[in-house]
Amino acid sequence: MKPLSYKISTIAGQGLISEQDNLKASFGFASMIFMNRNEKGEQVEDILLVDDINLAVRRLTFRKNDQNEFIPSTVKVLAGGIPMEPSLAYMKPKLLTISEGGDDDENGRGEIYVFEERNGGMIKKIDRKGDLQLIAKSSSDSFVCEEVSLDKANWVSISDMKYSREGMEEVLYLVDSKKIILRASLTRRTIKAITKCVKDITNAIIDSADPSDFIEINSIFVRKNSENKVILYVADSNSLKKIEQDGNVSKIAGNGKDYLTDADVSTNALNTTVYPTKIFVNSGGEILFTEMKFNKIRKLDIHGNVVSIQRNPFVLSKGVLQSPLTNNIYFEEHNIIYKMTDKGNEPMFGNGTINSLNGVHAMQARINPISVQVSSKSGKDIITVLDSEEYFKSRVIDENQIIQTVIGGGIYNLLDIEGIDALSVQFVKNVKNSFRSNNGDQYIVLSSELFKINDEGKLVRVIGSGSKFAGDGHSALSAILNEPSGVFYSKTLGKTFIADSKNDRVRVISKEGVISTIIGKLEGTVDNPRDVMERNGYLYYAERSIICKIDLVSNELEVMVGNRQTSFNGDGKKGNETSIGPESIYVTEEGDIYFADISNHRIRKWTRKTDLVSTIAGTGVQGSSEDGILATNSTIDSPSGVYLNRKGEVYFVESESHKIRKITSEGKLLTLFQVRSPHRLIVTSNDEVIVSHDAFITKYSNGEVTAVAGSRMKSYPELDDDPFETYFGSIGGLSFGETESDLLFANPKFDLIRKISNGSLSNVAGSHGDGLNALEARFMDISSVVVSPDNELFIADSMDHTIRKVSSDGIVSTIAGVSQIHGYNLYDPQESILNGPTSLSSAKNGDLFFIDQKNYVIRKISNGIVTTIIGTPNERCDMEEGKRGRETCLSMPQSLAVSPGGDALVFSDLSTIGIFHYNLNDENAVIRRIAGFENVIGYNGDGEATTTLISHVPSLAFSNDGLSVYFVDSSNNLIRKLSPYCPEDYELSEKLQQCTEKVIPHPNESPKKPKPHFSMFIPGNSNMSGMISENLMALLLVTIGSVLILSIILAGAIYYLLKNRESQKHYQKVERDEIPEDVDDNDIGKFSLGADLEEEEEETEDIEMI
């Protein structure tokens, strides 16, 4: 057997180069210039432009019509283009400029200079013959200041470029990083800065009265004055300037206070506010400029007037030109070039799209693929592509290679797309994947939701609620919370109350463990509740600017304190007249409310009998006074927790000063201890203080501080219910349980309410929705989805670090990983811990394969057991092929696909350019490169896979026959296919993923004839009759064969005896000198051979007689 070899072919994404001569073709706009020339005695004018979408330099030619008007005639690609024409070089153009036509050029064409963004930036020239030459490239990423050789040029980021002929010298002016103007002499091969050199952009000028200081150079233009001296015009951030040949810089417009409208004319350019983007100076010395800030085109005339010249409103023009031949003004808007006329703006070139056409061959489509997936239709491969060109779209390539958009590409950018026509939606972000099931359902994956197209062409949600609230009426362990900040357990009622802060709800868990909402169902009824407490059948809660009370029997709501303002408005006012910003509350048996007013740096009290609010600690000034000062005269710093002991003494937290303090019986402050970032506290009957701070819980008792829970370790070697081994991220409110040894706390980092009892940690409420319907469950980052033959969905939730399943009846469960816990578990495959799972792929037997990306491994789920098959956990290094799976170290596995039969796996790695193959049936298999050449990124066409250049591969998919592989070639914007082949005399084996030898019949072996059928029928026993018939036939065939073999052996023996006897006679004649005398020694062999042939003929006759 031999390994499979592969060839690469491109199946989608080459762009519409076939429409290069179409005036309504799609293009992308980067820059443009004018060129006038004579062609066969006819004067024509051209617009040269950079098509940055199709990576081409194009020429749009205008000719006179019968009315003597110049109209667009042809458009031609001069350089670059996708796909590459054999005669055109690959380019990534950004800017262009043109030289003056030479005397030796009968057509008056100039030479075109193009700036490319590749390899740090290159300047190339398209000469008059159409050949491409390299002029200069950046040698580093630092600024040019002093004059250096052009061969040692260095720049950071060129944003504009213009040509100038100055006497016998040819010059290019370049704008670097919008801060510096460089002068590159093509004649002397030197380059230097001609403006102030800003080596550190972070300290660049942001405003200056000195005209030689440039703030942000948007564009430049070169024009000679009446004295034939070069003037460089500059569009700076908020002004127009000019640099004369002697180096003098002056401002000619801008930095005023006037704001123009379309009808305005400013007679003093220096007092006019301008924000020029692109400029063009016509032959009369007038300056045309675009202002993307105001969506206008303006003109500065030779008299110093600034005029708005646009005829109709337009959007964000990136360029403007005026023909010296006709004075027509052309501008670009949304990838269309318009001519400005008295009747309006007339489109000249482009269709306003960047080539997302439907119904064309996929090779003609311009795409920016993110993912590829293969489904089956009548045994044919149907390819689904997530395309991000323009906007995100789900597109399908059918069996005839015709591409169609099925989801997206519309005009409606909506937050809620439920029930919207699939082709009307415009997706701008958060689209992760798209796929098609084998039954024809089309899906699109958002970060936390999955939609599919229904029979009416509308989008319907399949999974995800679009929010972080769910679970009412279900077990609290299935509920979804959103950063709960407060919790309180009522021993009297046996219920747990939760301040579900970011869901703007107060919720309760019944004795039976079922969760429900008490208040907050209607939008606006609760504003970010911070703390809760039950006392005597009433539930108190604090939100942003009020404290409320709910009668748990009648459900009546009453605002006790607060006027919905947070700024301090004094003490001694009634409760509902007082401005507060409460973070924590404590309610006494008498119904008095103590609260930490974090907004006003005070501890305050509302007295039930008087309905008045007073301050018991703090002056309202943020600070932290020393101990021993009266609390009412002291400064305190951002109090976030308050609690009373049985004696009525007040304990509170100063979060910003990291102090736990107490107000003594004398009314003075006393600091008990300090911890980092304290948040809430409770006090036991023995005056032990328990504090939540950062990701920890700490207890203070008799002057000693001890840990209760928390760990700084964020990566888990194994699961543990030990609170000292658990990372909590952040901890909010605290509450005692049935006894003071039971501790409940809010864990907002993981959206949980948790409990420590008898040293063991458990969850009380919160999850990501397991046990709920898929439309209620929470998904944090859906990176990959596969559909099983049983119509079950498997989801890789990367940020939740889990693999989840939606059953056919819509219920969600987790099959691998632990929600919001990341790491790698070496010890128990049934309690696996993952770290960023992605790129799911399934085999027909139900095995799931996925990339555990931040553990740098590829893993498999089979029968509920998670195993690692490729990679070394938590070890990251440059990948080396030729090693076994577990011996291979990966850098950052990016995508994978498993063959339908589960026999082979292909994958890509982010830092190792290529596609790699692993045979799952061979225990001695090694990782083998099947595509990509020596870790080099690029494009060199199609062909032998291991010598073809590709780029990063973010997505892979096997064909339905399990042999070919489709993949996204991201930087080249292509969908490509790996097709396997074998050497001659070998054939493909999908099961073995190998080339196996063909079974070739022996050349002398006759084709097998059908065996004659003999039948002996025995009545009553048809099976026995068949058996006897077969045995007799076999016996007869053996007998005939034996006779034939014996006959052949006998004939051979007789032939050998005859030939041996005659040979002996022949050699005896030779020995008796019977050879003629005239025979040379060298011919003796020939003479003997002739005698042998004569004898042989006689022997043959004898044998025939026999």
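This is a predicted model: local features need pLDDT of at least 70, side-chain atom pairs count only at pLDDT 80 or more; totals for chains, interfaces and linings use all residues.
Which residue forms a disulfide with Cys982? Cys995 does, and the sulfur atoms of the two are 2.1 Å apart.

## Disulfide of Cys982 and Cys995

Cys982 sits in the loop between β77 (974–981) and β78 (986–989), while Cys995 is in strand β79 (residues 994–997). The two cysteines are 13 residues apart, and their link joins distant parts of the chain. The bond of Cys982 and Cys995 is left-handed, with -90° about the S-S bond. Cys982 and Cys995 are both buried.

## Disulfide of Cys877 and Cys889

The count of disulfides comes to two. Besides the pair above, Cys877 and Cys889 form a disulfide, with 2.0 Å between their sulfur atoms. Cys877 and Cys889 each lie in the loop between β69 (865–870) and β70 (893–898), so the pair ties together parts that are twelve residues apart in sequence.

Cys889 counts as buried because its relative accessibility is 13%, and the cut-off for buried is under 20%.

Another cysteine, Cys548, is buried, with a relative accessible area of 2%.

In one of the pairings, Ala904 has Asn919 in β72 as its bridge partner. Strands of a sheet pair through backbone hydrogen bonds, in either a parallel or an antiparallel way.

The whole structure has 50 salt bridges. One of them is formed by Arg183 and Glu166, whose closest N and O atoms are 2.7 Å apart. Arg183 belongs to strand β14 (residues 180–185) and Glu166 to strand β12 (residues 158–166), so this pair ties together parts that are 17 residues apart in sequence. Arg183 and Glu166 are both buried.

Arg188 forms a salt bridge with Glu169, and here the closest N and O atoms are 3.3 Å apart. Arg188 is in the loop between β14 and β15 (190–193), and Glu169 is in strand β13 (residues 169–176). This pair links distant parts of the chain, 19 residues apart. Arg188 counts as partly exposed because its relative accessibility is 45%, whereas Glu169 is buried, with a relative accessible area of 16%.

## Salt bridge of Asp770 and Arg804

Asp770 and Arg804 form a salt bridge, with their closest N and O atoms 3.2 Å apart. Asp770 counts as partly exposed at 23% relative accessibility. Arg804 is buried, with a relative accessible area of 0%.

Some salt bridges share partners: those of Glu147, Glu166, Glu169, Arg183 and Arg188 join these residues into one network.

Is Asp781 buried or exposed? Asp781 counts as buried because its relative accessibility is 14%, below the cut-off of 20%.

The side chain of Asp781 makes a polar contact with the side chain of Lys432, at 2.3 Å. Which residues is Asp781 in contact with, leaving aside its neighbours within four places in sequence? They are Lys432, Ser447, Ala796, Asp797, Ser798 and Met799.

Notes:
Residues are numbered from 1 along each chain as its sequence is written. Side-chain values use heavy atoms; hydrogens and water are left out. A disulfide is a pair of cysteine sulfur atoms within 2.5 Å. Helices (H or I, at least four residues) and strands (E, at least two) are DSSP runs, numbered from the N terminus. Buried means under 20% relative accessible area, exposed over 50%, partly exposed in between (1.4 Å probe, protein chains only). Two strands pair if DSSP finds at least two bridges between them. A salt bridge is a side-chain nitrogen of Lys or Arg within 4 Å of a carboxyl oxygen of Asp or Glu. A polar contact is a pair of N or O atoms within 3.5 Å; within protein, one must be able to donate a hydrogen and the other to accept it, and residues adjacent in sequence count only if both atoms are side-chain atoms. Contact means heavy atoms within 4.5 Å.
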